[in-house]
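I opened this model to look at strand pairing, core packing and aromatic contacts. My notes follow in the order I checked things.

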Amino acid sequence: VGRDAAGRWATMIEANIFVSATHYHPAVNSTISFYPGNDPSATPVTRTVSAGQQISGTDLWIGHFEEAVPSSVAWYPFATTAIDDAADFNAVYLDDYAYQSGISPTTTGYGASNLTDMAVGENHLEFFVWGQAEGGSTGDVMCLVRNVDGDSGYTYESHEALLQGGDSGSPLLLTTAGGLQVAGTAWAIDTISIPEGTRWYSVYTYTGNYTSAIQTYIDANLVPE
């Protein structure tokens with residue numbers, strides 16, 4: 001997971017392919033910095049964005065570098081299971097724990113100082129929305145509520161993460177038998193009414209409903225590791 005000088009996010013899903021958000025993606029010809037070992041004092045691995053595109057009218061954006069990242073920079077498989085109805089979501093994902101990435105809660109503003117400013121929170125998957133529309137994009141999305149103490153969905157405070165300004169394009173990561181998997185990129189926040197009151201929730205464009213379009217881009221632009 002890297003960032004550019006403007007604080008925009010790129011999450012590797014192949015040796016030279018990354019995903020981000022349509023409304024907040026790294027610009028073509030911008031430089032993405034990755035810090036091996038998550039060490040901010042390490043010499044960053046840098047790559048230049050060669051090209052990219054919006055996926056199927058959604059807020060999911062995919063791009064690539066002409067050169068692969070080295071083995072010191074991780075890349076993750078992406079979720080490919082199609083979610084067509086509530087029964088699908090409930091069977092595959094309901095209440096699964098997830099890692100939400102973003103800038104640290106105390107950070108304000110954007111820019112070069114954010115290159116190494118990354119935080120990870122925990123939450124769990126609570127519902128799915130088909131055809132979410134916002135800012136000219138429409139997509140199928142994973143949703144994670146930021147519950148508070150006393151809510152039926154509350155775990156404990158350190159697990160109830162919520163996206164904030166500057167997090168758009170950061171990854172939603174799930175645990176699988178093989179390690180971590182990218183399930184989507186951060187798009188927006190919204191509110192929902194639950195029995196205990198009104199709560200904020202995070203919205204991520206889900207990769208699994210756009211597998212074909214993602215794979216087509218990978219097949220056209222992948223370079224050897």
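**Entry 1: strands.** I began with the hairpin formed by S11 and S12, which has two residues between its strands. The model is predicted, so I read every position below as computed. S11 covers residues 171-176 and S12 covers 179-194. I looked up their pairing: it is antiparallel, over six bridges. Within it, Thr 175 stands opposite Leu 180 of S12.

I then checked S11 against strand S7, residues 97-102. These two also run antiparallel, joined by three bridges. Here Leu 173 of S11 has Tyr 99 opposite it.

**Entry 2: cores.** Which residues touch the most other members of the largest nonpolar core? I found Tyr 93, Leu 125, Met 142 and Leu 172, out of 16 residues in that core. Strands S10 (137-145), S11, S12 and S13 each supply at least two of the core's residues.

I went back to Leu 125 and listed its contacts, leaving aside neighbours within four places in sequence. The list includes Phe 89, Tyr 93 and Leu 94. It also includes Asp 95, Asp 96 and Ala 98. Further along the chain, Leu 125 touches Met 142, Cys 143 and Leu 144, plus Leu 172 and Leu 174.

**Entry 3: aromatics.** I searched the whole structure for aromatic pairs and got nine. I took Phe 89 and Phe 128 to start. Their ring centres are 6.0 Å apart and their planes meet at 45°, so I logged the pair as tilted. Phe 89 sits in helix H1 (residues 86-92) and Phe 128 in strand S9 (residues 127-134), so this pair ties together parts 39 residues apart in sequence. Both are buried.

Next I followed Phe 128 to Tyr 206. That pair is edge-to-face, with 5.6 Å centre to centre and 85° between the planes. It links distant parts of the chain: Phe 128 in S9 and Tyr 206 in strand S13 (residues 197-206) are 78 residues apart.

Tyr 93 was already in my notes from the largest core.

Notes: Residues numbered from 1 in each chain as written. Predicted model: local features only at pLDDT ≥ 70, side-chain atom pairs only at ≥ 80, totals over all residues. Heavy atoms only, no water. Phe/Tyr/Trp six-rings, centres within 6.5 Å; stacked < 30°, edge-to-face > 60°. Helix = DSSP H or I, 4+ residues; strand = E, 2+ residues; numbered from the N terminus. Buried < 20%, exposed > 50% of the residue type's maximum accessible area, 1.4 Å probe, protein only. Core = buried A, V, L, I, M, F, W, Y, C linked by side-chain atoms within 4.5 Å. Contact = heavy atoms within 4.5 Å. Pairing = 2+ DSSP bridges.
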